[in-house]
Amino acid sequence: MKKILLLSDTHSYIDDTILKHVKQADEVWHAGDIGDLNVTDQIKQLKPLRAVWGNIDNDKARAEFPEHNRFTIEGVDVWITHIGGYPNRYNIRVRDEIEANPPKLFICGHSHILKVMPDKKLGLLHMNPGAIGIHGFHNVRTMLRFTIDNGKIDHLEVIEYPRK
């Protein structure tokens, strides 16, 4: 079993509250718009990190992290990308591939809107953790925590903080 902390859209912001949750996870996944690599450097000092770059990320972030990160963990096929859309409205950059070869768990960021929903047509679960950073239009900062065990995604929790 793996305890996952999923976050996105830090936009160069990290604090002790976020790091407290990082310490409780087995792995941290970041769905892009990292901003300053100090964010991911601090996470990597504590836990294994899987991340993708987002549209605001510079050449250094793009050199360190891929645009798409697809992997299997605990029997679950996972695809993380920053701009991905959501069921019935996937972004053109991923639409053909997701329809031809859907993962079990599809994760994206970008919208700053927390959204977890099944795609019954493709048989996958879509997650967007919203934004945990302080820059953007969102009023509540959000992350997701869940477990993956033997092909099953479970114990999903929303972590919320007021915008600073």
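In this predicted model, a nonpolar patch lies on the surface, formed by Leu 114, Val 116, Leu 156 and Val 158, which together have about 280 Å² of accessible area. Strand S9 (114-119) and strand S12 (152-162) are the elements that each give two or more residues to this nonpolar patch. Leu 114 is a handy residue to look at here: its place is in strand S9, and its relative accessibility is 30%, so Leu 114 counts as partly exposed, a class that covers values between the 20% limit for buried and the 50% limit for exposed residues.

Strand S12 also leads on to the sheet. Five strands make up an open sheet with mixed pairing, in the order S3-S2-S1-S11-S12. Strand S3 (49-51) and S12 stand at the edges; each has a single partner strand, and therefore one side of each is left without a neighbour in the sheet. On average, and with direction ignored, neighbouring strands of this sheet are turned by 20 degrees against each other.

Further inside the listed order come S1 and S11. Strand S1 (residues 2-7) and strand S11 (residues 140-149) run antiparallel and are joined by five bridges. Within this pairing, Lys 3 stands opposite Thr 147 in S11.

The UniProt record, an unreviewed entry, places the feature "domain: Calcineurin-like phosphoesterase" at residues 3-150.

Notes:
Residues numbered from 1 in each chain as written. Predicted model: local features only at pLDDT ≥ 70, side-chain atom pairs only at ≥ 80, totals over all residues. Heavy atoms only, no water. Patch = residues over 30% accessible without salt bridge, like charges linked within 9 Å, V, L, I, M, F, W, Y side chains within 5 Å. Areas by Shrake-Rupley, 256 points an atom, 1.4 Å probe, with all protein chains shown as cover. Salt bridge = Lys/Arg side-chain N within 4 Å of Asp/Glu carboxyl O. Helix = DSSP H or I, 4+ residues; strand = E, 2+ residues; numbered from the N terminus. Buried < 20%, exposed > 50% of the residue type's maximum accessible area, 1.4 Å probe, protein only. Pairing = 2+ DSSP bridges. Axes fitted to C-alpha atoms, helices over the stretch in contact; angles between N-to-C directions. UniProt positions renumbered as here; feature names shortened; annotations may be inferred.
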